[in-house]
Amino acid sequence: MAKIVNEFKTFIMRGNVMDMAVGVIIGSAFTSIVNSLVNDIIMPVITLITGRINFSDLMISLDGNTYPTLDAAQQAGTSVIAYGNFIQLVVQFLLTAFVIFMVIKGINKLHKPAPAPEVTVKTCPYCKSEIHKDAVKCPHCASEL
């Protein structure tokens with residue numbers, strides 16, 4: 001039993017498990033921010049642009065009657081195909097994906113690539129040994145470069 005506990009402790013304390021845990025926590029916090037941006041800022045603008053249409057109330061009533069809202073149809077006990085909810089969720093998904101894309105793109109611009117290491121050696125064309133880049137004669141085979 002002690003061996004299993006020690007193995008489990010070793011597993012949990014590995015760097016990649018801890019990194020994953022931190023990633024999940026930050027991811028859930030980031031999800032709240034993105035959802036708020038989409039639902040509280042972008043979707044109201046979309047609703048205004050589309051003439052205040054409420055996608056979530058678009059439906060097909062299967063009993064043949066007409067209902068003003070999805071809630072009214074559901075309260076009447078009618079089966080409905082609520083295609084408006086599907087449209088709403090697709091739009092929210094696309095907006096969320098676009099917002100995440102833009103955030104990641106902005107973060108990537110902030111990260112400057114590491115400068116390439118300066119080349120200090122070259123390979124002798126005759127003996128294939130590594131020599132200083134400014135050498136004019138190979139110290140290994142005495143060839144003129």
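The following questions and answers concern a predicted model of one chain.

Residues are numbered from 1 along each chain as its sequence is written. In this predicted model, local features need pLDDT of at least 70 and side-chain atom pairs count only at pLDDT 80 or more, while totals for chains, interfaces and linings use all residues, and side-chain values use heavy atoms, with hydrogens and water left out.

User: In what pattern do the helices and strands follow one another along the sequence?
Analyst: The chain holds four helices and four strands. These elements are DSSP runs numbered from the N terminus, helices being H or I with at least four residues and strands being E with at least two. Read along the sequence, the pattern is α-α-β-α-β-α-β-β.

User: What is the radius of gyration of the chain, and is the chain spread out or compact?
Analyst: The radius of gyration is taken over C-alpha atoms, and the globule rule is 2.2 Å times the number of residues to the power 0.38. For 145 residues this rule gives 15 Å, and the value for the chain is well over that, so the chain is more spread out than a compact globule. The C-alpha atoms fill a box of roughly 95 × 55 × 25 Å along the principal axes. The radius of gyration is 31 Å.

User: What percentage of the residues of the chain count as buried?
Analyst: Buried means under 20% relative accessible area, exposed means over 50%, and partly exposed lies in between (1.4 Å probe, protein chains only). Of the 145 residues of the chain, the buried share is 16%.

User: Which residues form a nonpolar patch on the surface?
Analyst: Patches are made of residues with over 30% relative accessible area and no salt bridge; like charges are joined within 9 Å, and nonpolar side chains (Val, Leu, Ile, Met, Phe, Trp, Tyr) within 5 Å. Y83, in helix α4 (residues 83-110), is partly exposed at 34% relative accessible area. Together the patch residues have about 380 Å² of accessible area, computed by the Shrake-Rupley method with a 1.4 Å probe, where for residues only the protein chains shown count as cover. The patch consists of I60, L62, I81 and Y83.

User: Which residue forms a salt bridge with K133?
Analyst: A salt bridge is a side-chain nitrogen of Lys or Arg within 4 Å of a carboxyl oxygen of Asp or Glu, and the whole structure has two. For K133, the closest N and O atoms of the pair are 3.5 Å apart. K133 lies in the segment after β4 (130-132), and the partner, 15 residues apart, lies in the loop between α4 and β3 (121-123). That partner is E118.

User: How far apart are the closest N and O atoms of E144 and K137?
Analyst: E144 is exposed at 56% relative accessibility, whereas K137 is partly exposed at 45%. These two residues form a salt bridge, with the closest N and O atoms separated by 3.9 Å.

User: What value does phi of K128 take?
Analyst: Most residues other than glycine have a negative phi. K128 lies in the loop between β3 and β4 and is exposed, with 60% relative accessibility. Its phi is positive, near 65 degrees.
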